[in-house]
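Here is a short briefing on a protein model. Keep the sequence and the 3D view open as you read.

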Amino acid sequence: MAASLAVFSRHGLLLPLLAGMVLALGACTTYGVVANQPLSPGRQGPVYSLGEFARDPQRHSGELTLAVAFSGGGTRAAALSYGVMQELRDTRVRIDGREQRLLDAINVISSVSGGSFTSAYYGLYGDRLFADYEQRFLRSDVEGALLRGLLNPVRWFSSQGRTEMAVSYYQQTLFGNATFGDLAQRPAPLILINSSDLGSGGRFSFVQEYFDLLCSDLSSFPLARAVTASSAVPVLFEPVVAENYTGCAAGMPPWLVAAQRRDADNGYLSMVVQDDLAYRNKVTHRYAQFVDGGITDNLGLRALLDAVELAGGAEKYLRTLGIAAPRRIAIISVNAAADTPAGIGESNRAPSFEQTMNAVTNVQLDRYNVSTLQQTQQGLERWTRELSTPERPVTSYFVRLSFEDVPNLPLRRFLNRIPTSFALDKEQVERLIATGRELLRSNPEYQRLLAGLRAQATEARGTAP
């Protein structure tokens, strides 16, 4: 996840910090600030939802559907994903008869933890990402600022604790008072910011479909609060809290009721449905407690998979939305996970607490990531079979980017030693950005996608009157 307990290890403050927090938790009770509003019967204004974005003809191409997923991993993940965004900006393609940047063809960006800073900043500010994001976040000592707040004894005994301090900091430095209502009015891809609900144990995406489960209106919810939830490392930060309101006349959404009946024999989907159905109980689940999205999916891919599979598959998903199948479906997965820290197996000396926690976290994440990647590949192949016809075949592309693909061994070792931290030095940031660009540019599956788009453009020009 964005972070294992190694987030603060660079400063040598991990154990004192945890000890201080244990004392603080024993000394007072912290209550989460509830910032979500109930649904109103006559809701007006833009709705930030999967359905609204998919139905918008200006956001949908008959030639390409492109989804991008950013993993967790602190500033390491944010910088790597930023490099990928730069490369997409500088790649020119012709889609639907119009030359454009491949960046502008993105339909959705799904992200967790460190990757959510990049996705949310782009969703809110667009190309301003390339003007000041490096200075305002990637090269900033975010960790130091948060640590100073965390180690302030005054805050330990406050009823509004560490998480509210982080929300305020991200509002002041990155997102201001922007809400999802503001995000809905931007000409940007759908930004899926993902977190984990400690109560249900499920993944939770900040889109209206999920807020409907809470009988709540996402439009007034602060963007900085969602990003904080996506990156809130348990224990170090309290959960971001949202109230699960009663009196929602619509009841459970039809797609969830249908999925409950249809997917009873599918172990994974049945689990996801049960996680979502937990919000029906407004007593034992009166509040949702959101923490680091990396706990339930550190790659950001499952939000994309679940949206389609819970609708009954790709063909039914598109038919429900009333849109035609694209010629190409592409997913770009940007995985900033580093290798398990070295040193544990080099001697018979017992590993330190920090080494043990890092190893345990990395082993769990790596094994779950393998399953997620496999499910994504299988899902893409299944979707193309469902949507293809003899007259109009659909082609899929799964572009997987990770440090494992770096051919330069010294560079790969350098990248894998970069900590899961929110304070990297200049060289680390620069190499991560350059690596993100090069990984995408040299990826064979990405080159296959570009070749397919060029061939389609050539064919269209050749048949034009």
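In strand 9 (residues 240–243), Val240 and Ala242 point one way, while Val241 and Glu243 point the other way. All four of these residues are buried. Keep in mind that this is a predicted model.

**Strands 9 and 10**
- Strand 9 pairs with strand 10 (residues 287–292).
- The pairing is antiparallel and runs over four bridges.
- Alanine 242 has alanine 288 in strand 10 as its bridge partner.
- Ala242 is also one of the buried residues of strand 9.

**Helices 4 and 11**
- Two packed helices are described by the angle between their axes and by the distance between the axes.
- Helix 4 covers residues 114–125, and helix 11 covers residues 223–230.
- Their packing angle is about 165 degrees, and their axes lie 10 Å apart.
- An angle over 145 degrees counts as roughly antiparallel, so helix 4 and helix 11 are roughly antiparallel to each other.
- The crossing of helix 4 and helix 11 is right-handed.
- Helix 4 brings Ser116, Phe117, Ala120 and Leu124 to the contact, where they meet Leu223, Val227 and Ser230 of helix 11.
- By class, this contact of helix 4 with helix 11 has five nonpolar residues, two polar residues and no charged ones.

**Helix 14**
- How many of the eight residues of helix 14 (residues 302–309) are buried?
- Seven are buried, so helix 14 is largely enclosed by the rest of the structure.
- The buried residues are Arg302, Ala303, Leu304, Leu305, Asp306, Val308 and Glu309.

Note on methods. Residues numbered from 1 in each chain as written. Predicted model: local features only at pLDDT ≥ 70, side-chain atom pairs only at ≥ 80, totals over all residues. Heavy atoms only, no water. Buried < 20%, exposed > 50% of the residue type's maximum accessible area, 1.4 Å probe, protein only. Helix = DSSP H or I, 4+ residues; strand = E, 2+ residues; numbered from the N terminus. Axes fitted to C-alpha atoms, helices over the stretch in contact; angles between N-to-C directions. Parallel < 35°, antiparallel > 145°, perpendicular 65-115°, else oblique. Left-handed = near helix turned anticlockwise from the far one by under 90°. Contact = heavy atoms within 4.5 Å. Nonpolar A, V, L, I, M, F, W, Y, C, P; charged D, E, K, R; others polar. Pairing = 2+ DSSP bridges.
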